[in-house]
Amino acid sequence: MAVKRAFLRPNEWLLVVYFSYVAIASVFFPLAPTVILFPYIVVVGIAAVFGTLAFLEVRTRSPIIGLFRNSLALASTLVAYREMDWFTPSHHSHRLEAMWIIWDRQFLHQYGFQHLIESTGPFIPWLLELCYLLVYAIGPFSVAVLYGVRKPERSQQFLMLYLFGTLLAYGCFPYFPSEPPRTVYPGADMPTIVTWFRQSNLLVVGNYGIHSSVFPSAHVSSAFSAAFGMMRALPERKWFGRGIFIYASLVAIATVYGRYHYAVDAVAGLAIALLAMLLVPKRLAAY
């Protein structure tokens, strides 16, 4: 009996295309000599790993390998994120930030956005910082929900939209070199209520964040893409998608309030997620 031909899943092709794009884009940016070959190594490695897993799943028909492929696709976003640090310019002019901060200060102070959040005490700042911290888990959580309700075949639909929105944001970073307001304008416009979750977020972004760009906000794009992906993958249980949409809205607020991003970054992140929803087909083959 002939062995069925092993195809990459659509989300795996998307990752291969994205990492190929990064390798091509690296030619036009002054990467450090120590990392200049890394984009090519990554794309070859990613393609080889996914191809091997696809072949093994066809041969063994093991659902464990299928689950591992989904998990690896999610983990690949961390690689994609860290890659963008290679595009960090040697010097930031802060031209974009000087324009964006004007709009932020109108939003935060003139329109009373910061005062409104803090007027009820520490609970809302605590909630916003918690939402920001949990962004890294929203993709795995959503896939786990699909497996939990016994709809694993729909994970492809979710992953394609989620990954598209996340990677599309990453792909914009090299063209908008910028730094977050908390570092460009240290001590200015900061929250006056400091919670444990804020300290945790500052620790994470301080030690593991990248320095190439903050535009658009990948936190916002990935959170809204997860919401749209769940709405599409699990339409009969609308409250899952709607709940993640509410969560994503809190993430968008948190990025600006916590000074992790400028307001324009959050708006652009939402626009990226909407674009991903428009571009990703509504029907994908089940895997």
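1. Histidine 94 is located in the loop that runs between α3 and α4. In this predicted model, histidine 94 has a positive phi of about 60 degrees, although the residue is not a glycine. Most residues other than glycine have a negative phi.

2. Aspartate 189 sits in the loop between α9 and α10. Its relative accessible area is 14%, so aspartate 189 is buried, the limit for that class being under 20%.

3. The peptide bond between phenylalanine 215 and proline 216 deserves attention: it is cis, with omega at about -5 degrees. Most peptide bonds are trans. Proline 216 belongs to the loop between α10 and α11.

4. The loop between α3 and α4 also holds methionine 84. With 1% relative accessibility, methionine 84 counts as buried. Beyond its neighbours within four places in sequence, methionine 84 is in contact with Tyr18, Val22, Tyr170, Phe173, Pro174, Ile210 and Ser212. Tryptophan 239 stands 155 residues from methionine 84 in sequence, and their C-alpha atoms are 34 Å apart in space.

5. Does the length of α10 agree with its residue count, or disagree? At 1.5 Å a residue, the 13 residues of α10 should span 18 Å, and the C-alpha atoms at its ends are 18 Å apart, so the two agree.

6. Which residues of α10 are buried? They are Phe197, Arg198, Ser200, Asn201 and Val205. Because these residues cover an arc of only 160 degrees around the axis, they lie on the same side of α10. An α-helix has 3.6 residues a turn, so residues three or four places apart point the same way. The other side of α10 carries the exposed residues Trp196, Leu203, Gly206 and Asn207. The packing partners of the buried residues of α10 are α6 (123-133) and α9.

7. Arginine 198, a residue of helix α10, may be examined on its own. Its relative accessibility is 5%, and arginine 198 therefore counts as buried. Its contacts, leaving aside neighbours within four places in sequence, are Glu129, Met190, Pro191, Ile193, Gly258 and Tyr260. Arginine 198 and glutamate 129 are 69 residues apart along the chain, yet 5.5 Å separates their C-alpha atoms.

8. The largest pocket holds about 680 Å³ of space. Its lining consists of 33 residues, and those nearest the centre of the pocket are Tyr81, Tyr136, Tyr170, Gly209 and His219. Tyr170 is also one of the contacts of methionine 84.

9. Which helix gives the most to the lining of the largest pocket? That helix is α3, with six residues. The helices that each supply at least two residues of this lining are α3 (63-83), α8 (155-172), α9 (181-184), α10 (196-208) and α11 (218-233). By class, the lining of the largest pocket is made up of 19 nonpolar, eleven polar and three charged residues.

Key
Residues are numbered from 1 along each chain as its sequence is written. This is a predicted model: local features need pLDDT of at least 70, side-chain atom pairs count only at pLDDT 80 or more; totals for chains, interfaces and linings use all residues. Side-chain values use heavy atoms; hydrogens and water are left out. On a 1 Å grid over the protein atoms alone, a cavity is a set of points where a 1.4 Å probe fits but cannot get out, and a pocket is an open set with protein on both sides within 12 Å along at least five of seven lines; lining residues have an atom within 4 Å of a point. Grid points are joined across faces, edges and corners, and a volume is the space filled by probe spheres set on the points. Helices (H or I, at least four residues) and strands (E, at least two) are DSSP runs, numbered from the N terminus. Ala, Val, Leu, Ile, Met, Phe, Trp, Tyr, Cys and Pro count as nonpolar, Asp, Glu, Lys and Arg as charged, and the others, Gly among them, as polar. The expected span of a helix is 1.5 Å times one less than its number of residues. Buried means under 20% relative accessible area, exposed over 50%, partly exposed in between (1.4 Å probe, protein chains only). The arc is that of the directions from the helix axis to the C-beta atoms. Contact means heavy atoms within 4.5 Å.
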